[in-house]
Amino acid sequence: MADVSVNGRRYRRPERPTVVICFDGCDPEYIRRGVADGVLPTIASFQNSGFYAIADSVVPSFTNPNNASIVTGVPPAVHGISGNYYLDRATGEERMITDASLMRCGTILAAMADAGVKTAAVTAKDKLRLMLARGLEGINFSSEHADRATPAHNGIGEVEAMVGRPKPDQYSGDLSLYVLDAGLRLLERKAATLLYLSLSDFIQHAHAPGTPEADAFNRAVDQRIAAMAVAGAIVGVVADHGMNDKSRPGGEPNVVFLQEELNGRFGENAVRVICPITDPFVRHHGALGSFVRVYARKATDLEALMAASRALPGVEAVLDGPAAARRFGLPPDLEGDFVVLGDAGTVIGASRGEHDLTGLAGHRLRSHGGLGEQKVPFMVSRKLRSDWAPAKGTRALRNFDIFDAVLNGVEPSKA
Ligand SMILES: [Zn+2]
């Protein structure tokens with residue numbers, strides 16, 4: 001059977017059930033602590049008898065750009081998703097990326113389905129499903145809307161009956177476990193040969209590695225990964241981004257309100273700061289991440305604005321739009337005039353009034369978006385061939401190499 005070509009990369013069709021999991025917000029520290037503490041026996045076994053490495057995610061280290069890269073196998077410069085939110089320069093409007101309309105290329109999932117491979121995409125949140133299932137003739141649903149899935153729209157109905165429990169609360173760790181349980185049922189029913197299961201980072205935003213809540217969640221994920229391997233699947237797991245504590249010692253969020261700072265110095269409306277992590281459905285990070293785009297009213301101010309941003313404590317990097325696009329592989333036409341990245345302990349906001357921090361509900365702010373969250377775990381249940389290119393060290397391993405790893409890189413089975 002011919003290989004399937006997508007976005008300039010070739011993929012073998014799966015010979016056996018193959019699962020890729022996006023373990024949302026799984027910072028490598030969760031794996032390190034979890035393995036050391038005996039919380040992650042399955043992942044520990046992958047480290048010993050499969051493949052385990054640290055890969056680079058896409059910067060901005062946010063959910064949507066990385067999920068889009070994982071399912072397309074290419075950086076945002078090709079697929080066009082560089083944040084959850086962007087400023088439409090033509091209209092001056094801030095727009096949310098809620099569906100597939102901004103995706104500029106096809107996905108591995110859609111191409112495999114077109115080639116006759118039974119393919120399924122299951123996500124925690126429905127808006128991510130809308131993006132990832134673009135063009136997919138196969139099963140696609142979210143745990144958020146599990147009760148609404150119909151064969152006509154989602155390639156499957158009666159999801160709650162299949163999983164054996166009603167859809168979970170949108171703000172719960174179970175939203176992710178439900179995705180994995182649904183994937184297991186699809187494997188058992190042989191309803192899909194290639195599965196993409198994308199979780200949510202609700203737990204990681206609130207709970208640090210080694211806490212009881214993080215351990216309980218990660219143990220539950222590990223058990224489900226084990227069940228998939230037992231069911232005969234090749235399992236690949238990556239994260240979309242890491243996660244760091246972004247609070248001051250006293251517990252208050254460590255925020256640079258960049259729009260306030262710059263407008264205070266250069267005059268009202270000198271800049272508009274767009275926070276591409278902004279997400280009206282997510283209340284646990286107050287729309288605060290470590291990567292923002294800045295739009296200047298007058299281009300002549302650019303150098304001075306960038307210099308002032310660079311001088312702020314907690315700012316790790318400031319790049320003009322074209323330089324950011326080159327360095328991070330982003331679509332130049334969607335870049336700001338410049339971008340500002342907070343360091344591992346700092347988030348960048350716009351102005352105080354735009355960030356509702358009441359959803360933090362007493363826990364320390366943990367977030368992502370910058371270079372401090374670029375490193376992610378990359379693991380496969382089976383050994384990879386020594387000649388699989390990204391494993392040879394000839395180029396950086398990216399999280400969006402995971403479909404290449406599970407489809408092209410796994411050592412042939414002896415069975
Ligand atoms: Zn995420």
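Colleague: How do the residues lining the second largest pocket divide by class?
Modeller: This is a predicted model, where local features need pLDDT of at least 70, side-chain atom pairs need 80 or more, and totals for chains, interfaces and linings use all residues. Residues are numbered from 1 along each chain as written, and side-chain values use heavy atoms without hydrogens or water. Asp, Glu, Lys and Arg count as charged, Ala, Val, Leu, Ile, Met, Phe, Trp, Tyr, Cys and Pro as nonpolar, and the others as polar. The lining divides into five nonpolar, one polar and five charged residues.

Colleague: Which residues form that lining?
Modeller: A pocket is an open set of points on a 1 Å grid, with protein on both sides within 12 Å along at least five of seven lines, and its lining residues have an atom within 4 Å of a point. For the second largest pocket these are Pro 14, Glu 15, Arg 16, Pro 17, Lys 118, Leu 187, Glu 188, Lys 190, Ala 192, Thr 193 and Ala 231.

Colleague: Which helix gives the most to the lining of the largest pocket?
Modeller: The largest pocket has 17 lining residues, and nearest its centre lie Arg 12, Glu 15, Ile 234, Leu 407 and Val 410. By class, six are nonpolar, four polar and seven charged. Four of the lining residues come from residues 402-409, which form helix 15.

Colleague: Is Arg 9 buried or exposed?
Modeller: Arg 9 is in strand 2, residues 9-11; helices (H or I, at least four residues) and strands (E, at least two) are DSSP runs numbered from the N terminus. Beyond four places in sequence, Arg 9 is in contact (heavy atoms within 4.5 Å) with Val 4, Gly 73, Arg 395, Phe 400, Asp 401 and Asp 404. Buried means under 20% relative accessible area, exposed over 50%, and partly exposed in between, with a 1.4 Å probe and protein chains only. Because its relative accessibility is 15%, Arg 9 counts as buried.

Colleague: What is the relative accessible area of Thr 72?
Modeller: Thr 72 belongs to helix 3, residues 63-72. With residues up to four places away left out, Thr 72 touches Asn 7, Tyr 11, His 79, Met 103, Cys 105, Gly 106, Thr 107 and Ile 108. Thr 72 is buried, and its relative accessible area is 0%.

Colleague: Which elements cover the buried residues of helix 2?
Modeller: In helix 2, residues 41-49, the buried residues are Thr 42, Ile 43, Ala 44 and Phe 46. Their cover includes helix 1, strand 4, helix 11 and strand 19.

Colleague: Which peptide bond is cis?
Modeller: Most peptide bonds are trans. Here Pro 60 sits in the loop between strand 4 and helix 3. With omega near 5°, the cis bond runs from Val 59 to Pro 60.

Colleague: What is phi of Glu 158?
Modeller: Glu 158 is in the loop between helix 7 and helix 8. At 64% relative accessibility, Glu 158 counts as exposed. Most residues other than glycine have a negative phi. For Glu 158 phi is positive, near 55°.

Colleague: Where is Asn 269 found?
Modeller: Asn 269 also has a positive phi, near 65°. Its relative accessibility is 43%, so Asn 269 counts as partly exposed. Asn 269 is found in the loop between helix 12 and strand 13.

Conventions
On a 1 Å grid over the protein atoms alone, a cavity is a set of points where a 1.4 Å probe fits but cannot get out, and a pocket is an open set with protein on both sides within 12 Å along at least five of seven lines; lining residues have an atom within 4 Å of a point.
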